[in-house]
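Biologist: I am new to this structure and would like to learn how to read its features one by one. Could we go through them together, with the general idea before each case?

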Amino acid sequence: MTPLTTPHSILPLVIVLIPLLFSMAVGYLGKKAEHYRNVLAVFVTGITFLLAMILYLKVSVQPVGFYIDTFLGFGLNLCVDSLGAFFTLLSSFIWFLATVFSWTYMSHEQARSRYYFFLLLTEAGCLGVFLTGDLFSLFFFFELMSLASYPLVVHAETKEAMDAGQSYLFLGVAGGLSLLLGIILLNGFLGTVAFQPLLHKMYGLGAYRYLIAGLLLVGFGIKAGMAPLHIWLPKA
């Protein structure tokens, strides 16, 4: 697999790494001083939003990308166009507001440090989804977001929450396996999982293209809560 030909920029990687790395710092700090944990969580999401704003302005001129060829055998391909930058900006802003709101909303809840840890980890996965340049990178960030969201679903630890989490986790794993199988088949047949040339190349796969398309549709459909694959969503 080769990266998309876009101007090199480390900014997309930084936007993902900041909430990812600082999630551990927030989780640790919560054991020492909850006030400073809250301050740090708000600061991290605020900085992430500002960097997303810079990225949006940068991408308005031309798309940018960043590629790590040694990542899990497939490589990590980040490629951002104006649409991806817009959703990154929107999501990071909503995450910032949610973190500010959590300061008072979560003040009487249990396991608050755990909550903030997985809140930032989920943000990293969510933003990564909008910054990817191929299906494997998209799969990686989708799985990070899905798994990190599970503790948020079951946070209350009531029977209803645990039942919702069980449905969420079971279907999330099933959707992830469906996606992964489709991606492996694509890479095996075409030698690439990059977005842009796939549609044209898939026409030459005959009946296999329907199998691959079906696997990808089921996988993304489950994770996006698309009817009739949305049965986990009302509970969660």
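Predicted model: local features only at pLDDT ≥ 70, side-chain atom pairs only at ≥ 80, totals over all residues.

Modeller: In general, a disulfide is a covalent bond between the sulfur atoms of two cysteines.

Biologist: Is cysteine 79 buried or exposed, and what is its relative accessibility?

Modeller: Because residues under 20% relative accessible area count as buried, cysteine 79, at 15%, is buried. Cysteine 126 is buried as well, with a relative accessible area of 10%. Across the protein, buried residues make up 47% of the 236 residues.

Biologist: Which elements does the protein contain, and in what order do they run from the N terminus?

Modeller: The protein has 8 helices and 2 strands, and from the N terminus on the order is α-α-β-β-α-α-α-α-α-α.

Biologist: How should I read the side chains of strand S2, and which of them point one way and which the other?

Modeller: In a regular strand the side chains alternate between the two faces of the sheet. In S2, Leu76, Leu78 and Val80 point one way, while Asn77 and Cys79 point the other way, and all are buried. Strand S2, residues 76–80, is therefore mostly covered, since under 20% relative accessible area means buried and 5 of its 5 residues are buried. Its partner is strand S1, residues 64–68, which pairs with S2 in the antiparallel sense over 5 bridges; valine 64, for instance, has valine 80 in S2 as its bridge partner.

Biologist: How do the helices H1 and H4 pack, and at what angle?

Modeller: Two packed helices are described by the angle between their axes and the distance between the axes. Helix H1, residues 11–29, and H4 pack at about 170° with their axes 8 Å apart, which means that H1 is roughly antiparallel to H4. Among the residues in this contact are Ile15, Leu20 and Phe22 in H1 and Phe117, Leu121 and Ala124 in H4. By class, the contact has 13 nonpolar, 4 polar and 1 charged residues.

Biologist: And at what angle do helices H2 and H4 cross?

Modeller: The axes of H2, residues 34–59, and H4, residues 112–130, come within 11 Å and cross at roughly 10°, so H2 is roughly parallel to H4. The residues of this contact divide into 5 nonpolar, 4 polar and 4 charged, including Glu34 and Arg37 in H2 and Arg112 and Glu123 in H4.

Conventions. Residues numbered from 1 in each chain as written. Heavy atoms only, no water. Buried < 20%, exposed > 50% of the residue type's maximum accessible area, 1.4 Å probe, protein only. Axes fitted to C-alpha atoms, helices over the stretch in contact; angles between N-to-C directions. Helix = DSSP H or I, 4+ residues; strand = E, 2+ residues; numbered from the N terminus. Parallel < 35°, antiparallel > 145°, perpendicular 65-115°, else oblique. Contact = heavy atoms within 4.5 Å. Nonpolar A, V, L, I, M, F, W, Y, C, P; charged D, E, K, R; others polar. Pairing = 2+ DSSP bridges.
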